[in-house]
Amino acid sequence: MVMQHERVSSPYLEGNFGPVREEVTAEDLKVIGELPEGLEGMFVRNGPNPQFDPIKGYHWFGGDGMLHGVRIKDGNVSYRNRYVQTERWRRENEAGRALWPSTLGGPPDPDNPAGPNPANQGNTALVWHDGRLLALWEGGDPHHIALPGLETCGRYNYGGSLVHAFTAHPKVDEKTGEMMFFGYNMLGMDMRTGQQVPFLQYSVASPQGEIVHTTPIELPVGVMMHDFAVTERYSIFMNLPLVFSMERAMKGENPLYFDRDRPSQFGLLPRRASGDRVRWFESPACYVFHVLNAFEEGDEVVLDGCRMNSVDLGALDSRTALNPETKPLIDRDSEQTLYRWRFNLATGDVKEGRLDDATGDFPRVNDFEVGYKTRFGYVARFDGSGMPQSDGVLKYDLEKETSRFHHHGSRRYGGEAVFVPREGATAEDDGWLMTYVYDHNSGDSEFVVINAQDVESEPVARVPLPQRVPYGFHGAWIPEERVTQSR
Ligand SMILES: [Fe+2]
């Protein structure tokens with residue numbers, strides 16, 4: 001007997017947060033405006049897109065991963081979207097229906113005849129390293145994605161040498177070719193074996209794609225650690241008080257809560273050092289989903305990120321999102337603003353403060369400068385609706401302390417803007433910003449290319465897409481030589 005479930009309702013299943021269910025391939029798309037000369041490669045963006053109507057509960061962070069890709073080659077533009085075919089996706093696909101509540105969208109159910117939820121949606125971000133594109137989800141292994149077809153080749157665990165979960169936000173130092181990454185485990189336990197594991201582990205992969213360093217880093221309690229930062233010599237971990245509670249999980253509530261009585265801690269560790277050498281700097285309680293960049297300056301390590309005074313993940317959870325007592329994700333107290341911390345290695349002091357009052361997240365810099373001092377940053381500005389919906393892109397000049405704004409237009413909303421350098425560029429901001437924009441007037445989506453040195457102008461090119469692209473998370477640009485050489 002197939003159990004009938006009540007339809008799950010969530011604002012994250014409606015409008016352009018709602019899923020598309022078809023995998024489309026389309027060639028020779030029309031371009032409005034002109035694509036920059038010499039620009040060839042593929043823009044791919046990841047995001048949640050539940051394959052079937054969810055059962056019991058849906059959390060925006062827990063939908064199946066779907067990749068939306070636009071390839072520009074020989075003057076032609078093509079589009080395709082493909083699911084990240086995880087084990088969970090495959091099992092539900094075979095069943096023809098959802099078998100588990102979305103991850104974070106419901107408590108573990110020991111009576112579920114399908115068994116434990118094989119959580120790992122591969123839905124969050126992408127990284128290119130060692131000739132391979134990986135789709136990422138912070139609770140498990142990466143998935144290897146083929147280019148340009150976006151087929152899932154399978155889980156990728158570095159020949160077994162990956163011993164911890166893999167953050168959605170690894171950092172590639174394009175100057176050395178190394179990739180730094182971490183994995184956290186909120187329970188401090190391997191669910192399959194019941195064995196104790198560290199709350200946090202950190203690894204470095206060589207330019208040849210071998211994991212050459214792994215070390216545990218001690219934390220007092222399990223926390224959700226979404227991003228981190230690197231500089232030329234250090235990796236920076238954000239131990240922020242979004243704390244895991246088993247008690248809440250067992251009661252069927254969202255297991256993560258913001259404990260404003262705990263401080264924020266920022267841990268600096270030399271790039272390949274043992275975890276016991278981490279040096280913690282304390283600051284008032286806050287949450288940071290995303291870092292813009294970090295760099296070293298004299299005795300100081302400077303970290304820029306989008307900071308919130310507090311965070312409530314229940315706002316993204318179908319079980320609580322519509323409860324009037326739950327705050328929207330982005331209210332006064334939890335709006336994300338660009339913020340700077342300075343950690344002084346000589347004195348141990350922390351200096352910190354807001355860089356701007358505008359609300360936004362999904363910060364990006366020129367990927368080739370990650371870990372080194374950057375002048376320009378790009379942030380998706382939020383529209384004030386309380387939903388993570390972006391009406392345009394803020395370009396920050398951190399040297400002049402000014403910003404400029406690209407508005408997507410009336411009732412048009414985009415997402416993270418990925419910076420793509422012009423080939424042979426010498427200026428840091430010589431290039432383009434790419435994102436998908438959804439038009440609430442027409443119900444259509446476009447791929448847009450904005451001149452990063454002239455952000456206030458209209459996009460230089462817009463490509464209307466054959467289907468709607470739901471709002472999602474993070475994207476990557478893969479230049480053409482990497483697309484053709486990809487593994
Ligand atoms: Fe993220």
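Guide: Please keep in mind that the model is predicted. The iron ion is coordinated by the NE2 atoms of four residues, namely His169, His226, His290 and His474, at 2.1 Å. The angles among these 4 donor atoms run from 91 to 169°, and the site is irregular. Along the chain, the donors follow the spacing H-x56-H-x63-H-x183-H. His290 belongs to strand E20 (residues 287–297), while His474 sits in the loop between strand E32 (461–464) and strand E33 (475–479), so this pair ties together parts that are 184 residues apart in sequence. Both His290 and His474 are buried.

Strand E33 leads us to the sheet. Here 5 strands form an open sheet with antiparallel pairing, in the order E1-E5-E4-E3-E33. Strand E1 (25–26) and E33 stand at the edges with a single partner strand each, and therefore one side of each has no neighbour in the sheet. Within this sheet, strand E4 (residues 65–73) pairs with strand E5 (residues 76–83) in the antiparallel sense over 8 bridges. Leu67 stands opposite Arg82 of E5.

Lastly, we turn to the surface. Leu187, Met191, Met246 and Met250 make a nonpolar patch of about 420 Å². Of these residues, Met191 is found in the loop between strand E11 (179–184) and strand E12 (200–205). Met191 counts as exposed because its relative accessibility is 60%, and exposed means over 50%.

Note on methods. Residues numbered from 1 in each chain as written. Predicted model: local features only at pLDDT ≥ 70, side-chain atom pairs only at ≥ 80, totals over all residues. Heavy atoms only, no water. Patch = residues over 30% accessible without salt bridge, like charges linked within 9 Å, V, L, I, M, F, W, Y side chains within 5 Å. Areas by Shrake-Rupley, 256 points an atom, 1.4 Å probe, with all protein chains shown as cover. Salt bridge = Lys/Arg side-chain N within 4 Å of Asp/Glu carboxyl O. Helix = DSSP H or I, 4+ residues; strand = E, 2+ residues; numbered from the N terminus. Buried < 20%, exposed > 50% of the residue type's maximum accessible area, 1.4 Å probe, protein only. Donors = N, O, S within 2.8 Å, 3.2 Å for Na, K, Ca; no water. Tetrahedral: all angles 85-135°; square planar, octahedral: opposite > 155°, others 65-115°. Pairing = 2+ DSSP bridges.
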